[in-house]
Amino acid sequence: MEHIVIIGNGISGVTLARHIRKLSDKKITIVSAETDYFFSRTALMYVYMGHMKFEHTQPYEDWFWRKNRIELVRGYVHHIDTDNKVLKINERDFLSYDKLVIATGSKPNKFGWPGQDLLGVQGLYSKQDLDALEKNAPNNDVCKRAVIVGGGLIGIELAEMLNSRHIPVTFLVRESSFWNGVLPQGESAMINRHIKNHHIDLRLSTNLKEIKSDDNGRVKSIIIEETGEEISCDVVGLTAGVSPNIDFIKSSNIETGRGVKVNRYLETNIPDVYAIGDCAEQHEAIENRRPIEAVWYTGRMMGETLAQTICGNRIQYKPGHWFNSAKFLDIEYQTYGWVFSEKSKQDHEQHFHWKHEDDTKCITVAYHKDTNEFLGINTFGIRMRHETFDTWLTEHRDIDYVMNHLIEANFDPEFYKHFEKDILSAYNNQLQTA
Amino acid sequence: MSLAKPDAQDLSKKQKLAVGMGVIGLFILVLALFNLDLPNTSIFLTVSLLLISVGTILFANDAYLTKLKGIKNDGVWFKSISSRGSLGWITGIVLTSFYVVLYFYEGLLGAGVDGAANTGLIGLFDPLSQLLSGRPASQWFVYGTLYTIAILAFGYKFILKYRHNRYEQIRTISVMFFQLAFAFLIPEFMYVMNSDLPYYDLKNVWPLNYYNFEQYRINSFINGGTIGMVMLIFGIVSIFVITPILTFKFGKRWYCSWVCGCGGLAETAGDSFRHLSDKSQSAWKIERWVIHSVLVFVVLMTTAVIYTYLGYDPDKYWLTRDVFLFSVAGFLTLIFALVMIFKRNELGKDARYGAIGYFAIIIALIAIHLFSSKTKLFIFEAETLRTSYGFLIGAIFSGVIGTGFYPIFGNRVWCRFGCPMAAILGFQQRMFSRFRITTNGGQCISCGNCSTYCEMGIDVRAYAQKGENIVRSSCVGCGICSAVCPRGVLKLENDSMKGRINPTEVLLGNDVDLMDLVNQK
């Protein structure tokens, strides 16, 4: 029986395993150094906040794995011997495979800041990071202030987490406005205000110079690059993005760049070795996507795709229309299709922006300025239907159509106030003045 | 996990003050319970109930109005009361004891025997009962008053907690209204109008009010003149007409989380315990056996009770024992046949269990026909069957376990495992209703908030992460899964029956060809 070994028990690896099991009787083994069972990484924040216990982040009960004959091995892979098709685990164990899938995800970026390895300095990615945070910042007696470095999705989650335990947070963001490499200005500015409304000390256009140590090798304070200001703190969260977690592969023949290099079939340069999820790097980016996509959904889709290939139906990774979502404190965000920020958008992309006066809801619709084709939408504080936008994108609808049919896409709970009329009249006004 | 439980956030000064007020209010009740002779009971009763209500309101104001709108679940699993800590267990034990006394030792509460005046706790409530209906209080009046206050005060708290969510607010106003008007005030006023009528909470539908068709009630309905007959007919129409229509249009939520008193208490006072329900698959299996057994039990019990007081002679009254038995059997057979013909595929493996339940009832009905005498069913007195049901299901299950165990097993133990009304509505919801919880394409991140906060113990995530709509008989439509979802994945909807149940393998957002290949079997 063919033995499929998957390194990594995150969403990519587990989706792959489940789908291989649906399609075949192959022997499946998942190796993880992080946890015994699959959990939802995106839910770790809720454990610290007391919304859930860690076991609630595990989507499958423990019997699921035995029932589906998916073997789970807890251990760290030190070396991959692709000639003999053997993994070295935990220094002394060996595991041979017929096909190998690397799905080891990411690790937090560190940019060589002085003091970045001190006690109390940490990222927020793994279960171990969560445990560390529980130790470093159990309450506001032990942690009188925390400084977060890096204004992305993990940074704002960490800020929300610490805020839930009444730990004062200083949030250093390199950009002039929160996440404005991705979000258009109006949205980014609204989130800036929302962060401040939560009494988080948001510092825009601010870089970290160094992290200072006390006598015990623990973080004592940080220095800001621009002003030289010293901020005393007990925890520093490094959340300046993530990069593929592939150090253990460097000793093998598998080709790596920033991530494990794969073609459109998710195959590496070595036969029978594949890579999926955050750690995979496409030779060339697919359409508007990045070569490395560190997103839950893309990890899952690569798993769904690769299962076909491994089970004899070789197909390319060909994701459909882009979508994503996040939550910024109390404001939910969804995106369908492509909406680029002012920094990164091309000339043909034009935006219509509407914001509600309560400053917690807004949308941005991107369209082609010559053809009026609808390109994508960002929605904040209003839930919208994935299926509807997916259809409209496939049908190449123009922006007029989308704006006039917006109510069909509404996904807010029943009895919620609707804003489609306001949005449409704002759209019509703006068009007339433009 | 080796981690110690983090400290719960301390209560603010205002919250401590509010808790203190509530405790003093309760303490007055305890004093009365121990027969301390309180002078001027009306003042003490007013002060006590006011302190409890105002304390809850002030607490809620400080807990929610001082923060921005949004989900307020911080520290739920750290607080002793809401994480099966010592406070949770103490509350559970106190509540359970209260129910035991209420159902079985009402004398301890001060109920006057043989026309003697009430003393103790029940005596304390006399002034209010006199005011509303001109008669002294009973233990049920005390219970009803406290129950109503709990739903109103904690309903207010719930509305503030979800003040960003209009569905939750409107739903809560609805349960508050139905409790105050239908369960509490209207029956008292009806007594004033016509004291022959039995207590009748009009929103309580059989089989939840399993006693509705007992002989003494039927007699009082019939003797109660036009109003009595209207009530009796309303009771029957509720079962066979109103309930099926509303459940078809809106799902069982129209009742369970908008109208029902048990649901009302669970959604308000019980809200802090919703996450304690067991989500394991084994709990689901137990749930289905237990709740459907209760349903079979109540159908047989009610049939037997009605059977025993009907006559044999069709000349006296058209509804004889045999006509009645045959109509019950005929009705059940009709439903069984329709489901098997039209919904067999949707039922899958469950069809077998449904068939077992159906045949068990039919055989029992035949046995009743063959082997029963005037008062006996087989060897049992129908009365014995009735009192056993009242004791086991009406008192122990719905009261002692159902509410007393809130802080241990969650707030919907009764609704999930015991309520025969929920079983009937749920069956229809699964088979024949426009209601479903829609999953938003591929947006689920499997975080588990929906499953954790499902009071009915449904593993919502298991469906959402497959892009599959949730069509479960137990879902009461409280809408909390949708509220706590951080990615806007879930929406409660009434829509056409077509495509309501939609299992998928590969989710929206992936390669269209792959989705076609895998999803269309």
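What follows is a chat about a predicted model, covering its chain contact, its salt bridges and some helices.

Colleague: What should I know about the model before we start?
Modeller: The model is predicted, so local features need pLDDT of at least 70 and side-chain atom pairs count only at pLDDT 80 or more, while totals for chains, interfaces and linings use all residues; side-chain values use heavy atoms, with hydrogens and water left out. Residues are numbered from 1 along each chain as its sequence is written, and chains are lettered from A and ligands numbered from 1 in the order in which they are written.

Colleague: How many residues does each chain put into the contact between A and B?
Modeller: Chain A gives 69 residues and chain B gives 65 residues. Contact means heavy atoms within 4.5 Å.

Colleague: And what area is buried between chain A and chain B?
Modeller: About 5,300 Å², with 49% of that from carbon and sulfur atoms. Buried area is the accessible area (1.4 Å probe) that two parts lose on being put together, summed over both. On the chain A side, His51(A), Glu414(A) and Phe415(A) lose the most area to chain B, together 13% of what that side buries.

Colleague: How many salt bridges are there between chain A and chain B?
Modeller: The count is 4. A salt bridge is a side-chain nitrogen of Lys or Arg within 4 Å of a carboxyl oxygen of Asp or Glu. There are also 39 residue pairs in polar contact between the two chains, both residues at pLDDT 80 or more. A polar contact is a pair of N or O atoms within 3.5 Å; within protein, one must be able to donate a hydrogen and the other to accept it, and residues adjacent in sequence count only if both atoms are side-chain atoms.

Colleague: Which residue forms a salt bridge with Glu414(A)?
Modeller: Arg253(B) does, with the closest N and O atoms 2.8 Å apart. Arg253(B) lies in helix H10 (residues 253–256) of chain B and Glu414(A) in the loop between helix H9 (399–404) and helix H10 (420–433) of chain A, so the pair joins two chains. Helices (H or I, at least four residues) and strands (E, at least two) are DSSP runs, numbered from the N terminus.

Colleague: Is Glu414(A) buried or exposed?
Modeller: Buried, at 18% relative accessibility. Arg253(B) is buried as well, at 4%. Buried means under 20% relative accessible area, exposed over 50%, and partly exposed in between (1.4 Å probe, protein chains only).

Colleague: What does Lys22(A) pair with?
Modeller: Lys22(A) forms a salt bridge with Glu505(B), the closest N and O atoms being 2.5 Å apart.

Colleague: How many salt bridges over all chains?
Modeller: The structure holds 40. One of them joins Arg300(A) and Glu304(A), at 3.4 Å between the closest N and O atoms. These two are 4 residues apart in helix H7 of chain A, which means about one helical turn between them. Arg300(A) is buried at 5% relative accessibility, and Glu304(A) at 1%.

Colleague: Where do Glu214(B) and Arg386(B) sit?
Modeller: Glu214(B) is in the loop between helix H7 (166–193) and H8 of chain B, and Arg386(B) is in helix H16 (residues 382–404) of chain B, 172 residues apart. Their side chains meet in a salt bridge of 3.1 Å, N to O.

Colleague: Changing topic, which residues of H1(B) are buried?
Modeller: Gln15(B), Ala18(B), Met21(B), Gly22(B), Gly25(B), Ile28(B), Leu29(B) and Ala32(B). Seen down the axis of H1(B), they fall within an arc of 145°, so they line one face of the helix. The arc is that of the directions from the helix axis to the C-beta atoms. The face turned away carries the exposed residues Lys13(B), Lys16(B) and Leu17(B).

Colleague: What covers that buried side of H1(B)?
Modeller: The cover includes helix H2 (41–65), helix H4 (120–124) and helix H6 (139–161) of chain B.

Colleague: Last one: what does the side chain of Thr335(A) make a polar contact with?
Modeller: The side chain of Asn378(A), at 2.7 Å. Thr335(A) is in strand S22 (residues 331–337) of chain A and is buried at 3% relative accessibility. Leaving aside neighbours within four places in sequence, the contacts of Thr335(A) include Trp322(A), Phe323(A) and, from the other chain, Gln443(B).
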